[in-house]
Amino acid sequence: MGLRNPVRIGGVFLQGNLFLAPVAGYTDRVFRGLCVDHGADFTFTELISSEALFRNSAKTFPLLERAANEMRYGIQLFGSDPAVMAAAVAAIAPFRPSVIDINAGCPVPKVVKTGAGSALMKTPGLLGEIVAAVVKAARGLSPDEGAVPGRRGCPQTKGLPPDEGAVPGRGSCPQTRRLSLNEGPVPSGGGCPPAGECPVPVTVKIRSGWDSSALNYLECAKIVQESGAAMVTLHARTRAQGYGGTAGWEHIARLTDEMDIPVCGSGDLFTAVDAERMLSETHCAAVMFARGALGNPFIFEETQCLFEKTPYTPPPSEQYIETALAHLRSAIVVVGEEAACRTMRTHFCRYLKGVPHAATLRYRIVRAKTLREYEDAVSID
Ligand SMILES: Cc1cc2nc3c(=O)[nH]c(=O)nc-3n(C[C@H](O)[C@H](O)[C@H](O)COP(=O)(O)O)c2cc1C
């Protein structure tokens, strides 16, 4: 087997194993759409508060929307109350996520002090209850055929849960594409497993543990598996490490060895070669680019080329700038010029890494308040 492999998460079949991680403040639908354009096989929203959904907070719902080209995506929820998490599943049902991911890794004090995020690793029993509650609630999600291109009119997919077979333009009618859920390789072009076997799968993202004296990722992963999770992602750092230090990929290897469900690896994936190394050293099913994709959505196609041994020419500096401007223009369509220009500053500065005169350009960008000012800021004369 090569390194670029399909992945099956419960009843959801994905063409490849290069995922975009949830990254709060960055992986909104505009950026996710851009990453899909550049070859990301699967994407996740940033963490979304189950309490906010429960309270029907209007601000939260736009975070759930998918990009037009994002045929499949995961919505990540956080919370510490199984009943509220289950209610949040009902709230996100209209968005028809392909996967629901539970955050058990966030180190931020505001989240941790509520018992959510990485604090759940200190209460594995509660983590299991949350997974079980979300799995149960996800079983009740009602299908919405209309939202999936190519699904209308397929007699066998009528009444199926929401997302399977949603690969556009690939003919998802199972009458013409008979598949077995239990077969090894995922069929090319995606596909739809038999009726009744494709609920919206629930996945969980954990860390290695709370700190180096409490590396309980294995215990937590086993519990979430027993509670019905269909994939576990390990960000191989402890909560105490935050985002610093080195990720312990040996933990990803160990987890992959021990689990029945697929393991996705996260931590220190900054280049295509990092992804190659993680997959070959740990044998995990998928890798998740996080900081490595910020300002560099090209990392997905570069990694694909590396795996497929096809030549890859890195984009010239101008393309980074053009992509950053395109990103900004799309963001303006979604949130308006003022907000987009404000929130794009950090994104934009990341695109400038390695671009000549980056320091000067950054100096100008952080002062830009309109699209015109951004365009002027990057036009070096
Ligand atoms: C600014 C920032 C925000 C993040 N937000 C989330 C989040 O919302 N949900 C989540 O599960 N992980 C989040 N993460 C963790 C990443 O998904 C990833 O696991 C982590 O950055 C390790 O990968 P890396 O070392 O390759 O960046 C965040 C990381 C960063 C740096």
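This is a predicted model: local features need pLDDT of at least 70, side-chain atom pairs count only at pLDDT 80 or more; totals for chains, interfaces and linings use all residues.
Visitor: How many helices and strands does the chain have, and what share of its residues count as buried?

Guide: The chain has 13 helices and ten strands, and of its 381 residues, 50% count as buried. Among contacts between residues at least 6 apart in sequence, 65% join residues at least 24 apart.

Visitor: Where does His 283 lie, and which residues is it in contact with, leaving aside neighbours within four places in sequence?

Guide: His 283 lies in the loop between helix H8 (272-282) and strand E10 (286-289), and just after H8 this residue takes a positive phi of about 60°. Apart from its neighbours within four places in sequence, His 283 is in contact with Ala 253 and Thr 256. The C-alpha atoms of His 283 and Ala 253 are 6.5 Å apart, although the two residues are 30 places apart in sequence.

Visitor: Where are Asn 56 and Asp 268 found, and what is the phi of each?

Guide: Asn 56 is found in the loop between helix H2 (50-54) and strand E5 (74-78), and its phi is positive, about 65°, although Asn 56 is not a glycine. Asp 268 is found in the loop between E9 and H8, and its phi, near 65°, is likewise a positive value in a residue other than glycine.

Visitor: Which residues of helix H7 are buried, and how do you know on which side of H7 they lie?

Guide: In helix H7 (residues 249-258), the residues Trp 249, His 251, Ile 252 and Leu 255 are buried. They cover an arc of only 150° around the axis, so they lie on the same side of H7. On the other side of H7, Glu 250 and Asp 257 are exposed. The buried residues of H7 pack against several elements, among them strand E7 (202-209), helix H6 (217-226) and strand E8 (231-238).

Visitor: Which residues of H8 are buried, and what puts them on the same side?

Guide: The buried residues in H8 are Ala 272, Ala 275, Met 278, Leu 279 and Thr 282. Because they cover an arc of only 130° around the axis, they are on the same side of H8. The face turned away from this buried side carries the exposed residues Val 273 and Ser 280. The buried residues of H8 pack against strand E3 (18-20), H7, E9, E10 and helix H9 (299-308).

Visitor: How many residues has the largest nonpolar core, and why does it lie between domain 1 and domain 2?

Guide: The largest nonpolar core has 107 residues, and those with the most contacts inside it are Phe 19, Val 131, Val 134, Val 232 and Val 287. Helix H5 (residues 124-139) gives the most to this core, with eight residues. Domain 1 (7-141 + 199-308) and domain 2 (317-378) both give residues to this core, so it lies between them. Residues up to four places away in sequence aside, Val 232 touches residues including Thr 203, Val 204, Ile 206 and Met 259.

Visitor: Which residues come nearest to the ligand?

Guide: Of the 22 residues around the ligand, Ala 21, Pro 22, Leu 47, Ala 290 and Arg 291 come nearest. By class, the shell has ten nonpolar, eight polar and four charged residues.

Methods: Residues are numbered from 1 along each chain as its sequence is written. A nonpolar core is a set of buried Ala, Val, Leu, Ile, Met, Phe, Trp, Tyr and Cys residues joined through C-beta atoms within 7 Å. A residue is buried if 20 or more other C-beta atoms lie within 10 Å of its own, exposed if 12 or fewer, and partly exposed in between; C-beta atoms are placed from the backbone. Helices (H or I, at least four residues) and strands (E, at least two) are DSSP runs, numbered from the N terminus. Domain bounds come from an automatic or database domain assignment. Two residues are in contact if their C-beta atoms, placed from the backbone, lie within 7 Å. A residue is near a molecule or strand if its C-beta atom, placed from the backbone, lies within 6 Å of it. Ala, Val, Leu, Ile, Met, Phe, Trp, Tyr, Cys and Pro count as nonpolar, Asp, Glu, Lys and Arg as charged, and the others, Gly among them, as polar. The arc is that of the directions from the helix axis to the C-beta atoms.
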